[in-house]
Amino acid sequence: MKISDLPIKGNIHTDEAALKRLSRDASSYRIKPHLIAEPGNEEDVLKVLEYTQKKGGNITCRSGGSGLSGAAVGTDIILNFKPLMNKMRRRGEEMVAEPGAVLKDFLQKVNNQGLMLPAVPSSSAWCALGGNIGTRSTGPRTARYGTIDFFVSSLRFITAGGEIVDTREKLPDFFENGLLKIRDRFLADQKSRQLFEQRPFIAGGYNIQAFSQYEDPKELTTHLLVGSIGTLAIVTEIRLKLIPFRPSLGTYVAFFRSLDELGSAIKKISDLCPSAMEFVDATTLSHIQGRILNASDASITGALLVEFDESSEQAERGRAVLESFDLSRLRTIPVGSKDEADLWGERRRILPSLWGHARKKNWILPSIIDDVAIHLNSFPSVFRDLRQLMADLGHEIAIFGHIGFGSLHARPFFEPQRGDLVEQIMTVSRETFQLLQKYGGTLVGEHNAGRSRSAYLEMELGKAFGYLRDLKQLFDPDDVLNPNTLFDLDPITSHMDLSR
Ligand SMILES: Cc1cc2nc3c(=O)[nH]c(=O)nc-3n(C[C@H](O)[C@H](O)[C@H](O)COP(=O)(O)OP(=O)(O)OC[C@H]3O[C@@H](n4cnc5c(N)ncnc54)[C@H](O)[C@@H]3O)c2cc1C
């Protein structure tokens, strides 16, 4: 293609090196696109849309490229926001950001103003706000403060048809009417409503619950777009209402011997509303080998990392709860100390540590069942059954996650030496899906849907999945935006790079 075919202010890349670079995100998929467009502004985005309307093809939005479900890679045009559309500013009570704004830079800016956005993924140095909205990101403090969705006040976006929509203003008529029709049907459908209400707090897929939560179509649209993994519209401006910064008032790391005691501690601590409660199992601890997070005692099942920020009394009550269990160790982390920074650094290092272990062994660690969401009371059963399942299938597994809101990252290692990786992966994902069904859990959690798990979302939701299709039909009837990531899917192993 000639660059002059697509005259945008930003950049176009078609060279091999650039295409190869953006052929992957943090998942295991590898798909080489035809072209990369780095838009400089909304006009550029419109020009790219016009181009696809004329020439055919599809568009995949990408902000940080740290997504773990293969939803930021695509076959045709990658709209890469990070290089040029990354501005941010304060406007009154709100922070306004372009989708390419890197989260870490954004946090620095807001923290300097005494504010905080509590939904901070461990990938904050890598991810950007467009992807945070695309996936409906979380972080440890989601346990108390909710996902990024709780902080989004409005969005500006471009539809696949090239219409610019601002959810602070009146929506186009056809769009508002279409949306309200889907909402009316959903509200009258008791069975589907119940199904969505009963899913775990962090269950992914479109935010269908918004139909019950927001009367105003503008608000409804904002919250439907959060977590829509680039399949409904292209987000060009994000407005967030933040809250005053709150430091930790007490952080503890408790190492448990007994799984049942761990399960019971999770419930008791959860009743105290901690600002964060993270779980790290013994296998994961053995791979981090951090100064604080390590498996120095062989009898450990796992550790809880708990933070309180409401009051010192709350933190003391939390400590007393932890002390009431048969612990191997309990560490109190001094507030504002180097230990505190190191602890969270070690927490962020978990996934890279597991990648390192896989590399050393010549194993692979594809993100297959890395995004489990459960109800808190099912934790001991799910953990026990999952470990047993992986032992039966012959896989070492590391399990960790934001247990404070029922999010677990289950990471089985795969050995190419054992042959047929596709079969191994399909078996693990299928069997884990069945296991979770027993406990009302889901494979589509905080990292949201995408190539590696959307097929299971459809199985989980059954007829109610139709509401997701209806929304896609309203927003993007020709399936231009990010196809094959939520609907009409290939087998999950298609396009997976199983060579590493
Ligand atoms: C080490 C590591 C730790 C992680 N920890 C967490 C965690 O604690 N919590 C968590 O939630 N996630 C976590 N993640 C997953 C990932 O970082 C998050 O999902 C993050 O929000 C993705 O942001 P991104 O900018 O990298 O998105 P991308 O990968 O660029 O995109 C993600 C999705 O958003 C869509 N999208 C991007 N930009 C736009 C746009 N402008 N308009 C419409 N759609 C768009 C994409 O099409 C894609 O579907 C982790 C990942 C890694 C590698």
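**A strand pairing and what surrounds it**

Guide: Start with one pair of residues in this predicted model. I158 has I234 as its bridge partner in β10.

Visitor: Which strand is joined to β10 there, and by how many bridges?

Guide: The strand is β8, residues 152-158, and six bridges join it to β10. The two strands run antiparallel.

Visitor: What holds strands together in general?

Guide: Strands of a sheet pair through backbone hydrogen bonds, and the pairing can be parallel or antiparallel.

Visitor: OK. What is the order of the strands in the open sheet?

Guide: Five strands make up the open sheet, and the order is β5-β6-β10-β8-β9. Their pairing is antiparallel.

Visitor: Which strands stand at the edges?

Guide: Those are β5 (88-91) and β9 (164-166). Each has a single partner strand, so one side of each has no neighbour in the sheet.

Visitor: How much are neighbouring strands turned against each other?

Guide: On average by 15°, with direction ignored.

Visitor: Which helix lies across β8, β9 and β10?

Guide: That is α2, residues 42-55. Helix α2 runs at about 45° to β8.

Visitor: Changing topic: the ligand. How many residues surround it, and which are the closest?

Guide: The ligand is surrounded by 36 residues, and the closest are G64, G67, G131, G134 and G230.

Visitor: Which elements supply at least two residues each to that shell?

Guide: β3 (59-62), α4 (129-135) and β10 (234-241) do.

Visitor: Which one gives the most?

Guide: α4, with five residues.

Visitor: How do the shell residues divide into nonpolar, polar and charged?

Guide: There are 14 nonpolar, 19 polar and three charged residues in the shell.

Visitor: Now the whole chain. Into which domains is it divided?

Guide: Domain 1 covers 91-244 and domain 2 covers 250-438. Their centres, taken over C-alpha atoms, are separated by 28 Å.

Visitor: How many residues does each domain put into the contact?

Guide: Domain 1 puts in 11 residues and domain 2 puts in 16 residues. On the domain 1 side, six are nonpolar, three polar and two charged.

Visitor: And how many helices and strands does the chain have?

Guide: 18 helices and 18 strands. The radius of gyration is 22 Å, close to the 23 Å that the globule rule gives for 500 residues, so the chain is as compact as a globular protein of that length.

Conventions:
Residues numbered from 1 in each chain as written. Predicted model: local features only at pLDDT ≥ 70, side-chain atom pairs only at ≥ 80, totals over all residues. Near = placed C-beta within 6 Å. Helix = DSSP H or I, 4+ residues; strand = E, 2+ residues; numbered from the N terminus. Nonpolar A, V, L, I, M, F, W, Y, C, P; charged D, E, K, R; others polar. Pairing = 2+ DSSP bridges. Axes fitted to C-alpha atoms, helices over the stretch in contact; angles between N-to-C directions. Contact = placed C-beta atoms within 7 Å. Domains from an automatic or database assignment. Rg over C-alpha atoms; globule rule 2.2 N^0.38 Å.
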